[in-house]
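User: Got a model I'd like to go through with you. Can you take a look?

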Amino acid sequence: MADAAPGSAAGRTAVLVMNSGYEPLLCPFFNKCDGVLLHSASDGSTDFHPRDRSGAKSMCDLLLELKPDRIICGFVGGPEMQRLRGAGIDIRLGSCNCAIDELVASFPTLPEA
């Protein structure tokens, strides 16, 4: 596969994380995450987007607003998965034992949700 350009399949990867320590870790619970770490393949930058704890916006809504090309999560329920896939987002499941950078780099080998 050719190098990814911004907006292509590998353009932006969203990782659902919990920030409970030295560095963010993959969150095992879709709707309980602290937020989304958005990784840009074009320049390697990452931005953290916190989850709306007021309940006004779901994690799924936040992801759809951020418009990533790919998502890595520990779990995703059926209705959320359908909404995200309907928006053309590739969803993969990762291990909470792996570092975020390792998960992003190994995206193609992660199991599909």
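User: What is the bridge partner of valine 15 in β3?
Analyst: Leucine 37. This is a predicted model, where local features need pLDDT of at least 70, side-chain atom pairs count only at pLDDT 80 or more, and totals for chains, interfaces and linings use all residues. Residues are numbered from 1 along each chain as its sequence is written, and side-chain values use heavy atoms, leaving out hydrogens and water.

User: How many bridges join β1 to β3?
Analyst: 6, and the two strands run antiparallel. Strands pair if DSSP finds at least two bridges between them. A strand is a DSSP run of E, at least two residues; a helix is a run of H or I, at least four; both are numbered from the N terminus.

User: And β3 with β4, how many there?
Analyst: 5 bridges, antiparallel. Glycine 35 has proline 50 as its bridge partner in β4. β3 and β4 form a hairpin with 5 residues between them.

User: Is β3 covered or open?
Analyst: Mostly covered: 6 of its 6 residues are buried. Buried is under 20% relative accessible area, exposed over 50%, partly exposed in between (1.4 Å probe, protein chains only).

User: Switching to threonine 13. Buried or exposed?
Analyst: Buried, with a relative accessible area of 1%. Threonine 13 lies in β1.

User: Which side chain does threonine 13 join in a polar contact?
Analyst: Arginine 70, at 2.9 Å. A polar contact is a pair of N or O atoms within 3.5 Å; within protein, one must be able to donate a hydrogen and the other to accept it, and residues adjacent in sequence count only if both atoms are side-chain atoms.
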